[in-house]
Structures are given as C-alpha cells and as structure tokens.
Amino acid sequence: MIDQKILTINDFLAPLNKIIRGKAQDTLGDTLSLVHSSHSAVYIYNDKNEFLGLISPFRTIYSKNYPYTTLVSTILFKPPHL
C-alpha cells in the first residue's frame with residue numbers, strides 16, 4: 001500500500017513575504033518585469049499597504065493587449081471576496 005499525504009489548505013498557500021507585489025502607480029511594463037511566467041500574478045497594493053487587486057500577465061498581454069505604458073491602477077482585476 002502506498003502512503004498518501006492528506007493535503008490541507010496550508011499546502012497551497014504561500015507566505016505573504018513571498019508573493020510578487022506591485023504598486024498602483026506603476027506602469028504595466030514595470031509590473032510585468034517582476035514575474036517569470038505568464039501564469040504568475042502580481043498583487044497590487046497602495047501606499048497604505050492595502051490590497052487593491054491583481055494583474056495577470058496572460059490577461060493583460062494576450063487577452064486584452066494593453067500597452068506597456070498603461071497604469072496598473074486602471075486595469076486591476078479585483079477577485080471576489082471570500
């Protein structure tokens with residue numbers, strides 16, 4: 001019999017200090033330079049360290065074709081509240 005580990009929610013969560021963070025006043029080009037994959041997300045915060053939304057490289061480059069000079073604050077994706 002093979003031992004199987006039971007996964008918990010903690011196995012899927014990353015520590016807050018390891019998430020990729022950006023600022024609302026940055027441009028899309030500045031923000032996308034922080035990621036290494038089109039499937040990564042950049043979490044956007046304001047100057048008061050309040051979460052505003054996120055930027056998806058795949059969505060901004062391939063689906064919407066935003067220019068790199070677009071301000072991040074104008075194209076944030078706001079996930080549903082849990």
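**Close-up views of a predicted model**

View 1. Thr60 is located in helix α2; helices (H or I, at least four residues) and strands (E, at least two) are DSSP runs, numbered from the N terminus. This is a predicted model, in which local features need pLDDT of at least 70 and side-chain atom pairs count only at pLDDT 80 or more, while totals for chains, interfaces and linings use all residues. Residues are numbered from 1 along each chain as its sequence is written, and side-chain values use heavy atoms, with hydrogens and water left out. Thr60 has a relative accessible area of 4% and is therefore buried (buried means under 20% relative accessible area, exposed over 50%, partly exposed in between; 1.4 Å probe, protein chains only). Neighbours within four places in sequence aside, Thr60 contacts Leu28, Leu32, Ile55, Asn65, Tyr66 and Ile75, where contact means heavy atoms within 4.5 Å. Ser38 is 22 residues from Thr60 in sequence, and their C-alpha atoms are 9.6 Å apart.

**View 2. Leu32 and the largest nonpolar core.** Leu32 touches Ile55, Pro57, Thr60, Ile61 and Tyr68, not counting residues up to four places away in sequence. Leu32 also belongs to the largest nonpolar core, whose ten residues are Ala24, Leu28, Leu32, Val35, Val42, Ile44, Ile55, Val72, Ile75 and Leu76. Two or more residues of this core come from each of α1 (28-32) and β2 (42-45). Such a core is a set of buried Ala, Val, Leu, Ile, Met, Phe, Trp, Tyr and Cys residues joined through side-chain atoms within 4.5 Å.

**View 3. Aromatic pairs.** The whole structure contains three aromatic pairs; rings of Phe, Tyr and Trp (its six-membered ring) pair if their centres lie within 6.5 Å, and planes under 30 degrees apart count as stacked, over 60 as edge-to-face and the rest as tilted. Tyr45 and Phe51 pair edge-to-face, at 5.6 Å centre to centre and with 65° between the planes. Tyr45 is buried because its relative accessibility is 13%, whereas Phe51, at 38%, is partly exposed. Phe58 and Tyr62 form a tilted pair, with 5.4 Å between centres and 45° between planes. These two residues are four apart in helix α2 (residues 57-63), so about one helical turn separates Phe58 and Tyr62. Phe58 is partly exposed at 40%, and Tyr62 is exposed at 54%.

View 4. Tyr43, Tyr45 and Phe51 are linked into a cluster by ring pairs. Arg21 lies over the face of Tyr45, 3.8 Å from the ring centre; a charge sits over a ring if NZ of Lys or CZ of Arg is within 6 Å of the ring centre and within 35 degrees of the ring normal.
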